[in-house]
Amino acid sequence: MEIRTLRYFLAVAREENMTRAAELLHVTQPTLSKALRSLEEELGKKLFTRSSFSIRLTEEGVLLRDRAADLIGMVDRITSEFVSLDDITGGELYLGLAESFQIRYLARRIRTLKDRYPDLHWHLTSGDTEQIIDKLDKGLLDFAVLAEMPDLARYHALRFPEADVWGLVLPESDPLAEKAAVTVEDLRSLPLFCSGQAWREDIPRWAGDLMPELHLEGSLRLSYNGSIFVREGLGYLLTFDKLLDTSPGSGLAFRPLKPPLETELYLVWKKYPVFSPMAQRFLTQLQEEFLPVET
């Protein structure tokens, strides 16, 4: 199985059209069709269903798309790292991020590196812990930012300087917005939006025995998306402070939870890492400001 063939496959999977994919790849359509037929023969599985106007992935094709994307990502990263070994003006940095206002600490350090190394390129991905750790374990990321304590038997970690404060995002006109803070009793039976991870890990330690009386209307990973549903009157969003514009006149309000609920944020990397020069420089900067997490 050749890397080039996997690139062909991913292009067709993305475009869902053989002609457009061939144009983007700068190959002829017969060449592309032949490569894909050979790939199906090699794997012994049908990867596409073809119609007059489009191409769709089969279940086996979806599986290959996900695996091939990770593999191509690793190949591209290895290539860029070797190219950057002799590049004193730049390099590559790969980060997986949880949502938090504290990402500003990373942005400031990247800004400092960018000033010194103008050819620095950084690559960001976002998601919950499961998604980000999977990419870190596969070697697709240098660092992960997690909103929960990492497994210190497998990873090194630094603690961010601050903690994220939990609260409720609601319409400014809602009667609950008149309160300085909201309690678990205030939220009984209300339609709530929250990330699945937080609903399992964070909210139960705040709600305690009353957790069964809270109603999760829908789970989501991005607070902005949740705010759209709040604006439409579909529910209330449990999230960190400072992620959304909840200033007076914005249409939304943020009220902290009572008693307060906070979550620590961690920068994580694999034990025995093989860092690029740029990743090592980035870590050295952060170690001046962040707190080490001891086993």
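Angles of 65 to 115 degrees between axes count as roughly perpendicular. In this predicted model, the axes of helix H1 (residues 3-15) and helix H3 (residues 29-43) cross at roughly 105°, and H1 and H3 are therefore roughly perpendicular to each other.

**Packing of H1 with H3**

- The axes of H1 and H3 come within 10 Å.
- On the H1 side, the contact is made by Thr5, Tyr8, Phe9 and Val12, which meet Leu32, Ala35, Leu36 and Leu39 in H3.
- Sorted by class, the residues of this H1 contact with H3 are seven nonpolar and one polar, with no charged residues.

**Packing of H2 with H3**

- Helix H2 (residues 18-25) also packs with H3, their axes coming within 9 Å and crossing at roughly 105°.
- H2 and H3 are therefore roughly perpendicular to each other.
- From H2, the residues Met18, Thr19, Ala21, Ala22 and Leu25 meet Gln29, Leu32, Ser33 and Leu36 of H3.
- The contact of H2 with H3 comprises six nonpolar and three polar residues, and no charged ones.
- Leu32 and Leu36 of H3 take part in the contact with H1 and also in the contact with H2.

**Packing of H5 with H10**

- Helix H5 (residues 103-116) and helix H10 (residues 277-286) have axes 10 Å apart and pack at an angle of about 125°.
- This angle makes H5 oblique to H10.
- The handedness of the crossing of H5 and H10 is right-handed.
- Leu106, Arg109, Ile110, Thr112 and Leu113 are the H5 residues that meet Met278, Arg281, Phe282, Gln285 and Leu286 in H10.
- In this contact of H5 with H10 there are six nonpolar, two polar and two charged residues; Arg109 in H5 and Arg281 in H10 are among the residues that meet.

**The largest pocket**

- Helices and strands both contribute to the lining: helix H6 (129-137), strand S5 (143-146), helix H7 (196-201) and strand S9 (236-240) each supply at least two residues.
- By class, the lining of the largest pocket divides into 15 nonpolar, nine polar and five charged residues.

Conventions
Residues numbered from 1 in each chain as written. Predicted model: local features only at pLDDT ≥ 70, side-chain atom pairs only at ≥ 80, totals over all residues. Heavy atoms only, no water. Helix = DSSP H or I, 4+ residues; strand = E, 2+ residues; numbered from the N terminus. Nonpolar A, V, L, I, M, F, W, Y, C, P; charged D, E, K, R; others polar. Axes fitted to C-alpha atoms, helices over the stretch in contact; angles between N-to-C directions. Parallel < 35°, antiparallel > 145°, perpendicular 65-115°, else oblique. Left-handed = near helix turned anticlockwise from the far one by under 90°. Contact = heavy atoms within 4.5 Å.
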